[in-house]
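Work through the exercises below with the sequence and the model side by side, and try each task before you read its solution.

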Amino acid sequence: MAGEPRPLLGLIAGVAAGVVASAAMAAFRAGTQQLIEHAEGEAVAVPEPDPRIQAAHYVAGGVIGGIYGVLSEYSADASTGFGTAYAVAASALVEGTLKPEGGGEPADAASHLVYGAVLEGLRWLIAGRR
């Protein structure tokens, strides 16, 4: 690791990257839904998302990103797999807590990989490679 840890910069970079990564994750899910609809040849009724749930999604993405940003300042291992390993671990923890029955679509799992890659890419652009 290069230099001393910069936890404040890591936190700021992680929160900002986490919010943007949450948007990328949502866009990936929406695009996947459109592909499924096109492949099936019919529109699938998708309910309008609840604004409170959307807000919670972005807040959670920012918090998880902030934790990642600080961890990345102290350990290069935190960014293993260009952030995807952290995203999978965080999603398993969060999804396991919020949805203890499990399940979910394959696109949900893939969207967490998108979150992790965007998270690390933006964190890297803001704070630099550690």
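**Exercise 1. Find which residues make up the largest nonpolar core, and which elements give two or more residues to this core.**

Step 1. The largest nonpolar core has 10 residues in all, namely A17, A21, M25, I64, Y68, Y86, A87, A90, Y115 and L119. A nonpolar core is here a set of buried Ala, Val, Leu, Ile, Met, Phe, Trp, Tyr and Cys residues joined through side-chain atoms within 4.5 Å, and buried means under 20% relative accessible area, with exposed over 50% and partly exposed in between (1.4 Å probe, protein chains only).

Step 2. The elements that give two or more residues to this core are α1 (7–40), α2, α3 (84–98) and α4 (106–127). In soluble globular proteins, nonpolar side chains tend to be buried together.

Step 3. As an example, take A21, which is in contact with Y115, V118 and L119 once its neighbours within four places in sequence are left aside; contact means heavy atoms within 4.5 Å.

The model is predicted, so local features need pLDDT of at least 70 and side-chain atom pairs count only at pLDDT 80 or more, while totals for chains, interfaces and linings use all residues. Residues are numbered from 1 along each chain as its sequence is written, and side-chain values use heavy atoms, with hydrogens and water left out.

**Exercise 2. Describe the secondary structure of the chain, and then helix α2.**

Step 1. The chain has four helices and zero strands, in the order α-α-α-α from the N terminus. Helices (H or I, at least four residues) and strands (E, at least two) are DSSP runs, numbered from the N terminus.

Step 2. Helix α2 covers residues 51–74, which is 24 residues, and reaches 35 Å from its first C-alpha to its last, close to the 34 Å expected at 1.5 Å a residue; the expected span is 1.5 Å times one less than the number of residues.

Step 3. The buried residues of α2 include G61, G62, G65, G66 and G69, together with I64, Y68, S72 and E73.

Step 4. For the chain as a whole, 28% of the 130 residues count as buried, and residues 24 or more positions apart account for 85% of the contacts with a separation of 6 or more.

**Exercise 3. How many salt bridges does the structure hold, and is E73 buried or exposed?**

Step 1. The structure holds four salt bridges, each being a side-chain nitrogen of Lys or Arg within 4 Å of a carboxyl oxygen of Asp or Glu. Side chains of opposite charge can pair when their charged atoms come close.

Step 2. One of them joins the side chains of E73 and R6 at 3.0 Å, N to O. This pair links distant parts of the chain, since E73 is in helix α2 and R6 in the segment before α1, 67 residues apart.

Step 3. E73 is buried, with a relative accessible area of 0%, whereas R6 is partly exposed at 27%.

**Exercise 4. Which residues does R123 contact, leaving aside its neighbours within four places in sequence, and which network does R123 belong to?**

Step 1. R123 lies in helix α4 and counts as buried at 1% relative accessibility.

Step 2. With those neighbours left aside, R123 is in contact with A13, A17, Y68, G69, S72, E73, G128 and R130.

Step 3. R123 also forms a salt bridge with E120, the closest N and O atoms being 2.9 Å apart. Both residues lie in helix α4, three residues apart, about one turn of the helix. Salt bridges that share partners join E120, R123 and R129 into one network.
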